[in-house]
Amino acid sequence: MCIKDRDGVDVLMGGGANHWTPYSASNKGGRADGRDLTAELTARGYRYVTTKDELSAVNSGKVLGLFSTKSHLDYELDRVAKGAASTQPSLSEMTAKAIDLLSQNSQGYFLMVEGGRIDHALHATNAKRSLTDAVALDEAVKTALGKVDLSDTLIVVTADHDHTMTINGYSAKGNKVLDLVKNADGSTQNDADGKPFTTLVFGNGPNRQDQRPTLTSDEVMADDYLQETGVKLGSETHGGGDVMLFAGGAGSSQFKGTLDNTRVFGKLREALGL
């Protein structure tokens with residue numbers, strides 16, 4: 001998450017604290033240049049926080065929040081399951097705090113919130129974690145909508161690319177999207193070899209065996225299940241399909257219809273009066 005007012009970056013939140021501090025034996029992946037950016041920003045007036053409680057206590061000023069010492073924030077599924085939700089804020093909670101802080105600026109602000117781990121889970125062909133993080137992004141949007149005045153605020157939601165995940169087969173209405181493709185009576189729909197298959201599959205990725213296994217609901221609904229793929233690759237790739245673009249509030253009429261992706265930036269500039 002990177003949030004700016006008109007004078008510069010005032011609030012930054014995310015993970016990867018090791019990328020902000022010097023390399024050491026205990027801080028593998030740290031900065032090779034020896035700089036401690038957390039200390040540098042603290043010296044410039046930023047408040048450095050590393051837990052949800054510390055973030056909650058901030059009511060004004062500039063903030064740097066790094067809530068994971070190694071690499072990225074947890075997937076939302078894991079953040080909740082392993083109890084990190086008590087220390088690591090959700091995307092919605094970070095969004096709420098950012099708006100509370102930046103709305104104190106009478107000149108307005110620009111806020112960017114990214115559900116970046118949606119992409120990571122898709123590259124791994126882990127649909128469950130990807131969809132759970134997509135719900136977390138949706139909650140962050142809902143939070144933002146509840147805290148701003150749309151008469152003078154523009155909210156734009158989009159993605160920079162799609163992936164090769166697709167919906168597969170003819171599941172009965174109400175069948176769980178992560179489950180096997182099933183008929184209304186609960187029986188599975190099967191491939192030409194008589195084996196069941198999942199509703200969600202990927203065009204490419206790591207999970208392609210020489211011979212398809214006989215899948216079960218318990219297996220495919222598990223947190224770590226990787227959806228089957230058509231072409232075997234070490235990691236799933238981006239796709240070439242269109243992505244959705246949603247907008248609401250002041251200036252949102254400019255974002256209707258089908259747009260070339262390079263036009264979105266220009267329309268944001270127009271909305272900001274730049």
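Predicted model: local features only at pLDDT ≥ 70, side-chain atom pairs only at ≥ 80, totals over all residues.
Q: Which residues of the largest nonpolar core touch the most other members?
A: Start with the general idea. In soluble globular proteins, nonpolar side chains tend to be buried together. A nonpolar core is a set of buried Ala, Val, Leu, Ile, Met, Phe, Trp, Tyr and Cys residues joined through side-chain atoms within 4.5 Å. Buried means under 20% relative accessible area, exposed means over 50%, and partly exposed is in between (1.4 Å probe, protein chains only). Here the largest core has 18 residues. Val11, Met13, Val49, Leu55, Val63, Phe67 and Met94 touch the most other members.

Q: Which elements give two or more residues to this core?
A: They are β2 (8-14), α4 (91-102), α5 (117-123) and α6 (127-147). The largest share, five residues, comes from α4. Helices (H or I, at least four residues) and strands (E, at least two) are DSSP runs, numbered from the N terminus.

Q: Why is β2 largely enclosed by the rest of the structure?
A: Because five of the seven residues of β2 are buried. Now look at its pairing. Two strands pair if DSSP finds at least two bridges between them. β2 pairs with strand β4 (residues 62-66) in the parallel sense, over four bridges. Glycine 14 has leucine 66 in β4 as its bridge partner.

Q: What is the strand order in the open sheet of three strands?
A: The order is β8-β9-β10, with mixed pairing. β8 (165-167) and β10 (229-232) are the edge strands, since each pairs on one side only. Neighbouring strands of this sheet are turned by 20 degrees against each other on average, direction ignored. For such angles, axes are lines fitted to C-alpha atoms, for helices over the stretch in contact, and angles run from 0 to 180 degrees between N-to-C directions. β8 and strand β9 (residues 200-205) run antiparallel, joined by three bridges. Threonine 166 stands opposite valine 201 in β9.

Q: Is glutamine 88 buried or exposed?
A: Glutamine 88 is buried, at 6% relative accessible area. It is found in the loop between α3 (76-81) and α4. Contact means heavy atoms within 4.5 Å. Leaving out residues up to four places away in sequence, glutamine 88 touches Lys52, Phe67, Ser68, Leu73, Asp74 and Arg79. A polar atom of the glutamine 88 side chain lies 3.1 Å from the backbone nitrogen of aspartate 74.

Q: How many salt bridges does the structure hold?
A: A salt bridge is a side-chain nitrogen of Lys or Arg within 4 Å of a carboxyl oxygen of Asp or Glu. The structure holds 13. In one of them, glutamate 93 meets lysine 52 (3.7 Å, N to O). That pair links distant parts of the chain: glutamate 93 in helix α4 and lysine 52 in helix α2 (residues 52-56), 41 residues apart. Glutamate 93 is partly exposed at 34%, and lysine 52 is partly exposed at 21%.

Q: What separates glutamate 76 and arginine 79 in helix α3?
A: About one helical turn, because they are three residues apart. Their side chains meet in a salt bridge (2.9 Å, N to O). Glutamate 76 is buried, at 16% relative accessible area. Arginine 79 is buried too, at 8%.

Q: Which residue forms a salt bridge with aspartate 74?
A: Lysine 82 does, with the closest N and O atoms 3.1 Å apart. Lysine 82 is exposed, at 58% relative accessible area. Elsewhere, Asp78, Arg129 and Asp224 are linked in a network of salt bridges.

Conventions:
Residues numbered from 1 in each chain as written. Heavy atoms only, no water. Polar contact = N/O pair within 3.5 Å; in protein donor to acceptor, adjacent residues only side chain to side chain.
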